[in-house]
Amino acid sequence: MAITIERIANMHDSQIEEFMNHIKHTFQPSDPAQAEIIRKAASLVRMNAIGAYRYTETEKSLMANISGTESEFARLSFMTMEPYCTCADGDWCAHQISVVFHLYSQFHSLSDWLNTWRQSGTVQTQLSINERTPEAWLNALSVLVKPLSELNASDGPTGFLHYASKIEHQKTRLSPFEWEWKPLFSLYYQLTLLRAAWPFLKNELSANDSYHYGKWQLTIWLNEQMSEMKASIKQLSSKSRLFETDAFHTKLKDLIHSFAMDEDGLFSKRFEAFRLVYTELYSDEAELTEEIERLQMETAADAPLFRAFLYLTSGRFDELDEELNTLDATAVPQWLAFALYAKEDEDFDIVQSIMLQLLPHLAEHYQQLATRNRSAFAEDIDELLALSDVSEEQRDQLFQSYGPEASRAYGKFLFERNRYAEWAALMHLTRGSVDMIDSSAMKTALAEDSQAVFPLMHAEALKLVKEKNRDSYRRAVRLWKQMKTAAKRDGRNEFWNRYVHTVREQFPRLRALMEEMEKGNLLL
């Protein structure tokens, strides 16, 4: 029985959506040639030019006949997501697009999609700034970055980066010619851009899911924006301030305050931007006091941390202590960002005040983290706890509550305290093979406490023997030779020879192993 076009569209709804997103991000309404292809494709749909079609279940592909001035055949593969057309006009011709449009129109409004697509091309093709005022800058920049604020999850990282790249190119025509004004304009641009992009970035980067390529691309993009902001602030702070820029600096304080208070999520980035502005640009007492008074009126959840930061920066330690005593210890990521800054600034008393209050909440917060972030978190936390007079027993208990993802940090903790037996046991439990154990650490542990490390090396050698190939036997013998050297150094010759004889008796039929052990001259 022939399958209906409605059924095909329903079966492959997600692939059709992906095709539509690709078309939207590839074809620009402002490009006459590209706009003509979309117009022709829409016309073919309106004229019912998509005629006979054939769906192949095994290949998940659709072949359609498009009638017009010349009849063509277009094919869509839902498996490889590749189009093909007999007209040979390129990867995406009007015929292929018309088939996608026809499928899309079965359950969606193609007219609405086309209207939205056309409007996306009207965004300031003639952008300009007619006067030099903060309001004029912001008005033009708001129009420029508007496409980012209108994105939704279905656009994905590819759509985001496409619009971000387009905006970056268009920004150049708005930038002032005078070098004295460029860094200030760049700051306005970066803050406006981030505000527009923030909802999309927050949803994508805060999601506790797998770390896919698109998320990595967004992370790189955000880090690049923060680096550019830092460069602009450094450049601006190194120059004397022009009288004409006073109004711009006043407005800039409003922008950074609004960015810090009104947005949520990705706290470390907001804190970094705020910190740079109030350590590099507006660090005199009057400016700090002005911002503190504004923050004291704020009810936003993150306001206490920004107040605490300015209390520290301005030397108002009594007020800082009061703020720390009332901190919400469940807001772990926010206060850790502050603790890391205090560590950088060598304000270790502040680090201790924060970490002692956060300590009861760290294990619970750790369990809520994505698996990929747990190892780095455990290491960062332990470095802060080491500066906070937290006992080794408490740190040990915290590591044990974390689980296997913290094994690297816990191994370092045990090793630094010469707890080699526990270190070796942890390596045995969490490392798949001896190759995954730090060779220099193994060498040191073997020299310091061979009896503690022998069980680990014995277990690893037996794993290699069970692989039953000569190369693995040679690797096992290399481990045994290291053990032999340690046993000789410790005067445990009799013990070692008994060990070698026991191993040989355990595997008498593995001739190749016996040969390698003989070559290794393992007896003392």
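Me: Which residue lies over the face of Phe-495?

Reply: In this predicted model, Arg-492 lies over that face, at 4.3 Å from the ring centre. The cut-off for CZ of Arg is within 6 Å of the ring centre, and the 4.3 Å of Arg-492 meets that distance.

Me: What makes Arg-132 a charge over the ring of Trp-181?

Reply: The charged end of Arg-132 is 4.5 Å from the centre of the Trp-181 ring.

Me: Why is the pair of Phe-399 and Phe-413 called tilted?

Reply: The structure holds 36 aromatic pairs. In the one formed by Phe-399 and Phe-413, the planes are 50° apart and the distance is 5.3 Å centre to centre. Pairing needs centres within 6.5 Å; planes under 30 degrees apart would be stacked and over 60 edge-to-face.

Me: How do you know whether Leu-266 is buried or exposed?

Reply: Its relative accessible area is 19%. Buried means under 20%, so Leu-266 is buried. Leu-266 lies in the loop between helix H10 and helix H11, and its phi is near 45°, a positive value in a residue other than glycine.

Me: Why does Asn-418 count as exposed?

Reply: The relative accessibility of Asn-418 is 51%. Exposed means over 50%, so Asn-418 counts as exposed. Asn-418 is in the loop between helix H20 and helix H21, with a positive phi near 60°.

Note on methods: Residues numbered from 1 in each chain as written. Predicted model: local features only at pLDDT ≥ 70, side-chain atom pairs only at ≥ 80, totals over all residues. Heavy atoms only, no water. Helix = DSSP H or I, 4+ residues; strand = E, 2+ residues; numbered from the N terminus. Buried < 20%, exposed > 50% of the residue type's maximum accessible area, 1.4 Å probe, protein only. Phe/Tyr/Trp six-rings, centres within 6.5 Å; stacked < 30°, edge-to-face > 60°. Lys NZ or Arg CZ within 6 Å of the ring centre and 35° of its normal.
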